[in-house]
Amino acid sequence: MKTKDFDYFLPKEKIAQSPAGKRDCSKLMAINKKTSDIQHKHFYDIIDYLNPGDCLVFNDSKVIHARLCGKKNTGAAIEVLLLKDMSSAKWQALIKPAKRLKESDIIYFDDKEITAKLLKKLDDGVCEIEFICNWNIYDKIEQIGKMPLPPYITDNSKYYDRYQTVYAKNLGSAAAPTAGLHFTAELIDKIDKKGVKTAYVTLHVGLDTFRPVKADNIEDHKMHSEYYHITEKNAEIINAAKADGRIICVGTTSMRTLEGCYKKYGKIIPVIDNTDIFIYPPYEFKAADCLITNFHLPQSSLLMLVSAFYDKDKLFDAYNIAKEKDYRFFSFGDAMYLY
């Protein structure tokens, strides 16, 4: 299957540059997978599509202030986007411009109070670095770093507070699990009172979330491994719900967590692990029954995942309808519910 088969044209004005005035007031395109019936709603209407006994699975990963502005000892500017915590002090990071650096070079941050040594260059600007710091690394990153809003958001100094879900808990993501951005605490409370179960998993979002697939054949694409965690309590909630109702994944990261766990272990279990699962058509889903997601970038692994969950051609028809009806795309954009 060709990567170009997942391309589509999107006018720049369709890319959301800011979030909706209120999180749950974004638009919602609800699609019945069996009938292909499409309804146009607001996100707060999602509760009407949920039944007692269903289970919403949220990714509670919290976005770190992953964008760091550093310098070489020559004064040349170096931008570091932290991608994955390897051992607290050691990280995988996307460095621009990586060509200016060689292994063992030092990057200076915060008037040289914190430094990082380049350990290894990998592919496409990704490097391994090691911080040298007398403070807790996470505390220092939160102090000196910036929220890593996507590059297609032209004014990335705004809306930092909206690039975080209201239930974010566990620090570690380089990008937000954006389907969850539509939920408010009030909406989650209403869902709970309706008898809908909620479960939380953690998957720290990495590089593949915001990069297009570059291989001509999608089978040749290799996903970067991402950390995930499912607690005993949440595994029990998910397994009980699977027996009695529907598992509704809030976002592609929650879906990848469950499907990655199921693929490796044959069921949902309490686990701390890493997954590099790459889901594209055709794929038989084992855990997920429904999906809440946003409108994704052309040729992205996320678009391929959604195409596997729904008929690809019908999905692209829905995207064309979304463009006609002025839905807003990408991270701060509107939502789709496939049920």
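The model described here is predicted, and within it Thr293 is placed in strand S16, which covers residues 290-294. The side chain of Thr293 forms a polar contact, at 2.6 Å, with the side chain of His296. When neighbours within four places in sequence are set aside, Thr293 is in contact with Ala179, Thr252, Val306, Asp334, Ala335 and Met336. Of these partners, Thr252 also takes part in the meeting of helices H4 and H5, and Val306 is one of the buried residues of H5.

Helix H5 is considered next. Because nine of its nine residues are buried, H5 is largely enclosed by the rest of the structure. The buried residues are Ser301, Leu302, Leu303, Met304, Leu305, Val306, Ser307, Ala308 and Phe309, and what covers them includes H4, S16, H6 and strand S17 (335-338).

The crossing of H4 and H5 is left-handed. At this crossing, Thr252, Met255 and Arg256 of H4 meet Leu302, Leu305, Val306 and Phe309 of H5, and the residues of the contact comprise, by class, five nonpolar, one polar and one charged.

The packing of H5 with helix H6 (residues 312-324) can be set out in the corresponding terms, with axes that come within 7 Å and cross at roughly 120°. The crossing of H5 and H6 is right-handed, whereas that of H4 and H5 is left-handed. Here Leu303, Val306 and Ser307 of H5 meet Lys312, Leu315, Phe316 and Tyr319 of H6, and the residues of this contact divide into five nonpolar, one polar and one charged. Val306 is listed among the H5 residues that meet H6, among those that meet H4, and among the contacts of Thr293.

Met223 is found in the loop between strand S12 (197-203) and strand S13 (226-230), and with a relative accessibility of 6% this residue counts as buried. Apart from neighbours within four places in sequence, Met223 is in contact with Asp208, Arg256, Asp276, Ile277, Phe278 and Ser301; of these, Arg256 belongs to the H4 residues that meet H5, and Ser301 is one of the buried residues of H5. The C-alpha atom of Met223 is separated by 9.2 Å from that of Val213, a residue 10 places away along the chain.

A further buried loop residue is Gln164, which has a relative accessibility of 12% and lies between helix H1 (137-144) and strand S11 (170-173). A polar atom of the Gln164 side chain lies 2.7 Å from the backbone nitrogen of Val63.

Note on methods: Residues numbered from 1 in each chain as written. Predicted model: local features only at pLDDT ≥ 70, side-chain atom pairs only at ≥ 80, totals over all residues. Heavy atoms only, no water. Helix = DSSP H or I, 4+ residues; strand = E, 2+ residues; numbered from the N terminus. Buried < 20%, exposed > 50% of the residue type's maximum accessible area, 1.4 Å probe, protein only. Contact = heavy atoms within 4.5 Å. Polar contact = N/O pair within 3.5 Å; in protein donor to acceptor, adjacent residues only side chain to side chain. Left-handed = near helix turned anticlockwise from the far one by under 90°. Nonpolar A, V, L, I, M, F, W, Y, C, P; charged D, E, K, R; others polar. Axes fitted to C-alpha atoms, helices over the stretch in contact; angles between N-to-C directions.
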